Amino acid sequence: MPAATEVRVELPEIDLFFGATRFRPFDDAIGVSLELGALGQIRDRTRALAELRQQGRVDLAEAFCKQRLRDPNLPPRRRAEWAVELMRTYALAAVDSKPEDRAEWWDRAHRVAIDFPQPGAASPFGLLVHFEDARVGIDQAAVGRADRPRRPTTDRSAAGPLPVLRTALRALDQLDAALATRRRRLGRNRPLDEGLSREEIDALQRHVAYQASRALRFQGQCYAAGTPDRANSVQRALERL
């Protein structure tokens, strides 16, 4: 009997840490009336969301996030962070679902990023949402590969995880370029619409490099051992670290 396939999915342990700043969208202990049945008043939002996810209450976790996103006065940073949490909720639901039910949850997660304003003056923190979208895509590919028979391919155009990984890699490359541009602007002491700080940009660039390396490693595993495509993917993965 073949050994079980080990799949590393990072979604449950996501924790964005940028230099001295940890992105914790729910660390303010404020009583919030959710009007979601028995939840009532919840003061620790991080703990509340984690418990809802662990209990499989995707409906309540989704409503929790969407309620905050409906607030027209929500600051741009908070809006991006709540969007990220909503994406994580959907992605975790996908991981916990049957293989035939996962596509809908992955699509919901990606839709959050599609509907979110593009990074710019109106959404200086949109880079966080689109980074999360790429990371979700990598986890989607990892789970999808485990769902399929372990038959590496020699076909560059083969279906399966490869198209998802390529999309994620393109997005990460675009993010890396955007972050480099913003970093240069900060280096010239130009105002940056109260967006990410220099430390946050530097840390996010490290996260982008790590996720790109991870995607390339998964991409290499989709090809048969000893093929040029596999060797090339592994080499590129090492270069991104």
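R183 is partly exposed, at 27% relative accessible area. Partly exposed sits between two cut-offs: buried is under 20% relative accessible area and exposed is over 50%, with a 1.4 Å probe and protein chains only. Keep in mind that this is a predicted model: local features need pLDDT of at least 70, side-chain atom pairs count only at pLDDT 80 or more, and totals for chains, interfaces and linings use all residues. Residues are numbered from 1 along each chain as its sequence is written, and side-chain values use heavy atoms, with hydrogens and water left out.

Back to R183. Its side chain meets that of D202 in a salt bridge, 2.7 Å from N to O. R183 lies in helix α6 (residues 161-187) and D202 in helix α7, so the pair ties together parts 19 residues apart in sequence. D202 is partly exposed too, at 24%. By salt bridge I mean a side-chain nitrogen of Lys or Arg within 4 Å of a carboxyl oxygen of Asp or Glu. Helices are DSSP runs of H or I, at least four residues, numbered from the N terminus.

Next pair. D139 and R214 form a salt bridge at 2.3 Å, N to O. D139 is in helix α5 (residues 126-147) and R214 in helix α7 (residues 198-221), so this bridge joins parts 75 residues apart in sequence. D139 is buried, at 0%. R214 is buried as well, at 2%.

R78 and E81 bridge at 3.2 Å, N to O. Both lie in helix α3 (residues 76-96), 3 residues apart, about one turn. R78 is partly exposed at 27%, while E81 is buried at 6%.

Last, a network: salt bridges link E62, K66, E104 and R108. The whole structure holds 14 salt bridges.

Definitions and conventions
Helix = DSSP H or I, 4+ residues; strand = E, 2+ residues; numbered from the N terminus.
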